[in-house]
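Please look over the sequence and the structure shown here before reading the notes that follow. The notes are grouped by topic, so that each can be checked against the display in turn.

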Amino acid sequence: MLVPLSNPRTAPALLRLAAVIARQRNYELECLQIVIVPRQNSPAETVVDTTESRRLLAMAERIATDLQIPIHTQVRVGHDIADAILETVKERHISLILMGWKGDIAPGRIFGSIVDTLMQQAICEVVVVKWGGEKFREREKFSGVANEKFNPYSDYVYSFLGWRQWLVPLRDIPTQAAAVKLLPALVSLSVKPEILLCQVCTQSVVNPNIQEMQQAARMLKHRLHTEVMATTVCSKSVSEAVVDLANAHHSDVVVIGASKEGFLRHMINGNIPEAIARGCDCTVILVRAANN
């Protein structure tokens, strides 16, 4: 599993997520730090300062060692972050990319140039995390993350992600959804998690069929031994309905799937996952299955 790291403050949380996924799937971690140089310079010949990069990767090694997850680290020099990630995917035979998204969007893009490129071109599974707003900052403040002397190796790193309320919007076949397949690993971070599966139908659907939703709920309940509910709502806007549900149920995390085809199609008509990520103040985890 490839974990590109850039922000020292969110890296411990991202690595905690990576660890539970790696443990479930028997993956090793490949942590990557990318140093960008001007296009007129050759990456192989340009002298760069890797002090900060190596400090960040050393922190990753300590956390992974404590969590007993095999880890490899590398600093890569290149002209473009997305290209460097795609090159690493190919060279290291990566099965899944896990990365954070801070919400920046370039003109003409949905999530921003890096995430957009990976969503469209990466052949492996892609998981993007937008950390919650106020909830995340409150935990940082309470736990001392904002303090310059904060030690990312403290127990806090491994405990503060104890989300409880999970919202999982689904479409197509719920039991086969990439978000559902990833859920068992993610909810292992929770104490007594409560999961709400939801399906949003357009108002033109008179009698929505919720049998598949209920089947997915029973499957997850049996596997996770926790409370799993299913609901169907009708709305003109899928994204608005999901945001309203997240607020009504005080969701800590929304886990939503996205396909490459759907992602490209919504480039023109508006992207539902992006609208949900922007509308929710809680953490949003976007899961795009591998391209076969």
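**Briefing on the predicted model**

Glu30 has a relative accessibility of 6% and therefore counts as buried, since the cut-off for that class is under 20%. The coordinates come from a predicted model, and the mean pLDDT of the protein is 81, with 78% of its residues reaching 70 or more. The protein has 11 helices and 10 strands, and buried residues make up 50% of its 292 residues.

**Surroundings of Glu30**

- Glu30 lies in strand β2, which covers residues 29–36.
- When neighbours within four places in sequence are left aside, the residues in contact with Glu30 are Met1, Leu2, Val3, His72, Gln74, Arg92 and Ile94.

**The protein as a whole**

- Of the contacts with a separation of 6 or more, 79% are between residues 24 or more positions apart.

- Strand β5 runs over residues 125–130, and six of its six residues are buried, so the strand is largely enclosed by the rest of the structure.
- The side chains of Glu125, Val127 and Val129 point one way from β5, while those of Val126, Val128 and Lys130 point the other way, and all of these residues are buried.
- Strand β4, made up of residues 96–100, runs parallel to β5 and is joined to it by five bridges; within this pairing, Gly100 stands opposite Val129 of β5.
- Strand β10, made up of residues 283–288, pairs with β5 in the antiparallel sense, again over five bridges; here the bridge partner of Lys130 is Val284 in β10.

**Helix α11 and what covers it**

- Helix α11 spans residues 272–279, and its residues Pro273, Glu274, Ile276 and Ala277 are buried.
- Seen down the axis of α11, the buried residues fall within an arc of 160°, so they line one face of the helix.
- The cover over the buried residues of α11 includes strand β5, helix α9 (238–248), strand β9 (253–257) and strand β10.

**The tryptophan cluster**

- Which residues form one aromatic cluster? The cluster is formed by Trp131, Trp163 and Trp166, and the number of aromatic pairs in the model comes to two.
- The rings of Trp131 and Trp163 have their centres 6.5 Å apart and their planes at 35°, so this pair is classed as tilted.
- This pair links distant parts of the chain, for Trp131 is in the loop between β5 and α5 (134–143), whereas Trp163 is in the loop between α6 and β6 (165–169), 32 residues apart.
- Trp163 also pairs with Trp166 in an edge-to-face arrangement, with 5.7 Å from centre to centre and 85° between the planes.
- Trp131 and Trp163 are both buried; the relative accessibility is 3% for Trp163 and 1% for Trp166, which therefore counts as buried as well.

**Ala178 and a contact across the sequence**

- Ala178 is found in helix α7, which covers residues 178–186, and at 19% relative accessibility Ala178 counts as buried, because the class takes in values under 20%.
- Ala178 and Ala289 are 111 residues apart in sequence, yet their C-alpha atoms are 5.8 Å apart in space.
- Apart from neighbours within four places in sequence, Ala178 is in contact with Val287 and Ala289.

Technical notes
Residues numbered from 1 in each chain as written. Predicted model: local features only at pLDDT ≥ 70, side-chain atom pairs only at ≥ 80, totals over all residues. Heavy atoms only, no water. Buried < 20%, exposed > 50% of the residue type's maximum accessible area, 1.4 Å probe, protein only. Helix = DSSP H or I, 4+ residues; strand = E, 2+ residues; numbered from the N terminus. Pairing = 2+ DSSP bridges. Arc of directions from axis to C-beta. Contact = heavy atoms within 4.5 Å. pLDDT = per-residue confidence, 0-100. Phe/Tyr/Trp six-rings, centres within 6.5 Å; stacked < 30°, edge-to-face > 60°.
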